[in-house]
Amino acid sequence: ILLLYPVTVSAQLEITWGIPQKQQRKTAMTDMIGAEDTNIYTLRKDYSLFGSSDPIVERYKQSDMGLDYSKRIVHSRFDGTNLRPSVQFFINGSILAFATYYDSEKNMNFAFAEILDAQATVTRSWTEIGRIPADKRSNPGSFLFRLSQDSSKVLVISNPPYEQYADEKFTLQLLDDKLNVLWKNDILPPYKDKYFSLNNFIVNDAGDVYMLATISKDKSVMTRRERRTTPTYYHSALMYSQATQELGEYEIKLDPKFISDIILAVTDSGDIICSGFYSNKSSNAIIGSFYLKIDKETRKVETEETMDFPKEFLTQFMSTRRASKNQELYDYSLRYLVQREDGGAILVAEQFYEYEVCSADPRTGAQTCTYYYYYNDIVVVNIDPDGRIRWSKKIPKLQVSRNDGGFFLSFAFAVSGNTLYF
């Protein structure tokens with residue numbers, strides 16, 4: 001499937017088929033971590049209950065897509081400590097692997113990193129890059145690892161153990177491809193841990209960090225009607241400047257509309273783009289899209305627009321009668337935001353839901369449950385720089401599986417020039 005934007009152009013897609021190969025038993029390819037002129041690097045993992053948790057890195061030759069090597073990254077330190085794999089990146093010709101380990105004797109959660117060369121040979125063994133004091137294994141805090149936009153640096157986010165009524169705090173540190181610390185700082189946003197969560201971390205080329213925060217409102221001071229008819233949360237875009245070491249905050253609210261899903265992006269100049277879907281009824285429905293652009297320097301909103309989906313789009317999902325009554329769509333999750341060169345954006349979403357069916361044996365009382373996973377239609381919304389919807393499309397599909405986590409469902413996505421590939 002391909003879509004062309006913002007105007008129809010012809011596209012030539014060159015496909016190179018790889019050499020047929022026998023897949024390792026009870027393993028699955030899970031990710032592509034990087035590429036260079038002659039090779040592509042991928043990850044493979046065991047899905048057997050008794051398989052190894054250590055990922056396998058594979059290198060394929062771009063000339064014929066043949067397998068060059070397949071090597072397992074051993075997550076074990078010199079003292080025999082077994083680490084928990086986290087993530088792997090391909091940076092400047094090297095593979096950087098990250099892992100964690102909770103030490104119950106020291107009451108400490110550790111983060112480690114290892115460097116491997118392009119042949120997957122270790123050049124720097126597991127090295128400590130962070131630690132979090134944690135008294136309980138059940139509440140150890142957490143580490144997150146994010147690759148910068150130019151794929152040259154890694155952001156490490158250290159979250160201390162959850163404390164419901166404590167002030168929110170976390171630590172950011174930026175590493176280069178040799179694990180040198182470029183900068184490190186403790187962040188103290190003015191919120192309680194109970195009401196605050198972070199995601200969608202972005203590191204630009206200058207080393208500034210952008211984050212999307214979700215802040216829950218204090219429901220104890222809201223009336224029952226307010227809790228039922230207005231959002232009980234809002235979002236903020238946070239920007240940490242490594243030059244000034246200051247944290248900027250930009251509130252994102254559409255009250256009384258519900259922001260159903262939101263995604264954050266950063267332009268080359270450092271301006272913030274927030275876009276997504278909203279509902280007039282609840283947080284799991286959508287009836288339109290919104291688009292905001294915030295100037296990095298002035299911290300003012302340059303563009304702000306909300307727009308309901310056109311009726312002709314809604315009728316692709318429902319009857320004309322229901323569409324005329326502004327019936328909403330449900331269970332759509334944003335997957336991608338593509339920035340257009342003219343300042344607009346393209347949103348890509350997918351309907352996803354799961355449900356559980358349980359039955360009990362009338363003789364023994366034993367309960368058996370089956371879990372179903374649905375990955376259905378794709379929605380593509382093309383938004384102009386002024387925030388108005390240029391066009392919206394439905395890509396129909398129906399995928400369902402059971403008791404497998406939906407591992408082989410959903411879709412792959414790529415952008416080349418003015419063409420979207422699904």
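User: Is phenylalanine 411 buried or exposed?
Analyst: This is a predicted model, where local features need pLDDT of at least 70, side-chain atom pairs count only at pLDDT 80 or more, and totals for chains, interfaces and linings use all residues. Residues are numbered from 1 along each chain as its sequence is written, and side-chain values use heavy atoms, with hydrogens and water left out. Buried means under 20% relative accessible area, exposed over 50%, and partly exposed in between, with a 1.4 Å probe and protein chains only. Phenylalanine 411 has a relative accessible area of 17%, so the label is buried.

User: How many aromatic pairs are there?
Analyst: Rings of Phe, Tyr and Trp (its six-membered ring) pair if their centres lie within 6.5 Å; planes under 30 degrees apart count as stacked, over 60 as edge-to-face and the rest as tilted. Going by that rule, the count is 18.

User: What kind of pair do phenylalanine 407 and phenylalanine 408 make?
Analyst: Their ring centres sit 4.9 Å apart and the planes are at 85 degrees, so this pair is edge-to-face. On accessibility, phenylalanine 407 comes out at 44%, which is partly exposed, and phenylalanine 408 at 62%, which is exposed. So the name for the pair is edge-to-face.

User: And what about phenylalanine 411 and phenylalanine 422?
Analyst: Here the centres are 5.9 Å apart, with planes at 40 degrees. That angle is why the pair is called tilted.

User: Which residue lies over the face of tyrosine 234?
Analyst: A charge sits over a ring if NZ of Lys or CZ of Arg is within 6 Å of the ring centre and within 35 degrees of the ring normal. At 4.4 Å from the ring centre of tyrosine 234, the residue is lysine 253.

User: Which strand gives the most to the lining of the largest cavity?
Analyst: On a 1 Å grid over the protein atoms alone, a cavity is a set of points where a 1.4 Å probe fits but cannot get out, and lining residues have an atom within 4 Å of a point. Tyr234 and Lys253 are among the residues that line the largest cavity. Strands here are DSSP runs (E, at least two residues), numbered from the N terminus. With three residues in the lining, the top contributor is β16 (residues 233-241).

User: In β3, what is the bridge partner of methionine 32?
Analyst: Two strands pair if DSSP finds at least two bridges between them. Seven bridges join β2 to β3 (residues 39-46), and these strands run antiparallel. For methionine 32, the partner in β3 is threonine 42.

How values were computed. Helix = DSSP H or I, 4+ residues; strand = E, 2+ residues; numbered from the N terminus. 1 Å grid on protein atoms, 1.4 Å probe; cavity = no way out; pocket = protein on both sides within 12 Å on 5 of 7 lines; lining within 4 Å.
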